[in-house]
Protein chains: 2
Amino acid sequence: MSVPGSDTVPRGRRVPRPSGDDRELAILATAERLLADRPLSAISVDDLARGAGISRPTFYFYFASKDAVLLSLLDRVVAEADAATLDAALLPVAGPREGWRQAITTYFETFRAHRALTLAWAEARSTNAEVRDLWARVFHDWSQRCAAAIEAERARGAAPPGPPARDLAVLLNSMNERALYATFSGDGPAVDESTVVDVLLEVWLRTIYGTAPAD
Amino acid sequence: MSVPGSDTVPRGRRVPRPSGDDRELAILATAERLLADRPLSAISVDDLARGAGISRPTFYFYFASKDAVLLSLLDRVVAEADAATLDAALLPVAGPREGWRQAITTYFETFRAHRALTLAWAEARSTNAEVRDLWARVFHDWSQRCAAAIEAERARGAAPPGPPARDLAVLLNSMNERALYATFSGDGPAVDESTVVDVLLEVWLRTIYGTAPAD
DNA sequence: GAACGAGTCAACACGGTGTTGAGAAACGGC
DNA sequence: GCCGTTTCTCAACACCGTGTTGACTCGTTC
């Protein structure tokens, strides 16, 4: 429980001994496989255990719960996403359009590569506090980086003043999150997967570099 | 199951006979009361039944499930939200800023008035297809109205051309949805409740009336 | 070869959902 | 008043998913 910020502590229960490592990996692999064609809520601990060739009680030897398996999987994706950092220094060089396109595309590709996991993540977020905290951390980091980039653009005179950069960053990232979820999940109105990055980029550029009419 | 578009059919089971009406209302009231201080997943059918002064099997006489109660409550809010329609003709008269501010404020106030329900809604959407469909319908209607307003603004020369109006409408509404959820729920980074409408409005105006830099 | 710890699982306890079948209570017709 | 029908109610049940317990196996180590 808690200590949401702590890292590098393995999510698996106790010390995962070498010999049982395969089992642990088998559970993780099973989870990702099953998530590919049904939501987390439709997968039981028994499904995971059987899929990994063990009994249900044995599952609990490796993970504290179904959600712990998901968190373990998410930790990896987060590490991946963290690596793909937004380089604010890139904007003046590559030009705003290309710089921001790259940032949005990276975000998009990272989650598209783990579509099933992304959807399960969103699902678990509403019921599991640890998942919620992990996402909040990721979202916060990402927004902060965007806010810094917006401020840098304003400082060098490339972007006009406006609402607090932090607020704009939070809103634009909220849009990306929700829009990509809609696009990936396919339920409800969404922008087509082939054009969503372009339209998102246009909204970002107009929001950061444009101005509202004087009325 | 299914037939998601059908309306005006009461969500309660069978024909709600006059004498049992109080019970049905008691269940709905209990649900809204309990949702005010804990999430839907932490409320059992038994809680609802006891809260309404009946036994669990009796609950099933009135509603097919816990989710049916939520849907019944949502139907009302949806009716309320539908009434608060975006009047596209208002924009040329009141001016873009005031016209759009009114639309966003209405949306904001409608859901803020039913904060607990809004959060429960978001939670149930990930597991219940009917809730998902109902939301998709609301979101679709709203986006369509916004798209029409954007097109009207472009037609009268007030807004410059850009990405398909429908795509912009979907993205901007996605932003509003996610941002308001974050603001109401209070977990994760969010824009403060007192300023969120202003910042949202600024993003909308810049997106609809502004242009991106030529690079 | 005894002691130990990692790994395994049958069996259990518990809590939630949704159903059944047997009635009580309300009401209209005669 | 009494009878039949419809509405309403709930004890008891069947089922499923979670998480725990305690005993047992098996490889390692001294």
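The model is predicted, so local features need pLDDT of at least 70 and side-chain atom pairs count only at pLDDT 80 or more, while totals for chains, interfaces and linings use all residues. Residues are numbered from 1 along each chain as its sequence is written, chains are lettered from A and ligands numbered from 1 in the order in which they are written, and side-chain values use heavy atoms, with hydrogens and water left out.

**First stop: DNA strand C**

Select DNA strand C and the 16 residues around it; Arg23(A), Ser55(A), Thr58(A), Tyr62(A) and Arg56(B) come nearest. A residue is near the strand if one of its heavy atoms lies within 4 Å of it.

- A polar backbone atom of Ser55(A) is 3.0 Å from a phosphate oxygen of DNA strand C.
- An N or O atom in the side chain of Tyr60(B) is 3.0 Å from a phosphate oxygen of DNA strand C.
- An N or O atom in the side chain of Arg56(B) is 2.4 Å from a base oxygen of DNA strand C.

Colour α3 (56-62) in chain A and in chain B: these are the elements that give two or more residues to the surface near DNA strand C. Helices here are DSSP runs (H or I, at least four residues), numbered from the N terminus. The most comes from α3(A), with four residues.

**Second stop: α9 of chain A and α10 of chain B**

Select residues 165-185 of chain A and residues 196-209 of chain B, which are α9(A) and α10(B); their axes lie 10 Å apart at an angle of about 70 degrees. Axes are lines fitted to C-alpha atoms over the stretch in contact, and angles run from 0 to 180 degrees between N-to-C directions. The two helices are therefore roughly perpendicular, a term for angles of 65 to 115 degrees. Show Asp167(A), Leu168(A) and Leu171(A), which meet Val199(B), Leu200(B) and Val203(B); contact means heavy atoms within 4.5 Å.

Finally, select residues 115-125 and 165-185 of chain B, where α7(B) and α9(B) pack at about 120 degrees with axes 10 Å apart. Show Arg115(B), Leu119(B), Ala122(B) and Arg125(B) of α7(B), which meet Glu177(B), Tyr181(B), Phe184(B) and Ser185(B) of α9(B).

Definitions and conventions:
Angles under 35 degrees count as roughly parallel, over 145 as roughly antiparallel, 65 to 115 as roughly perpendicular and the rest as oblique. A polar contact is a pair of N or O atoms within 3.5 Å; within protein, one must be able to donate a hydrogen and the other to accept it, and residues adjacent in sequence count only if both atoms are side-chain atoms.
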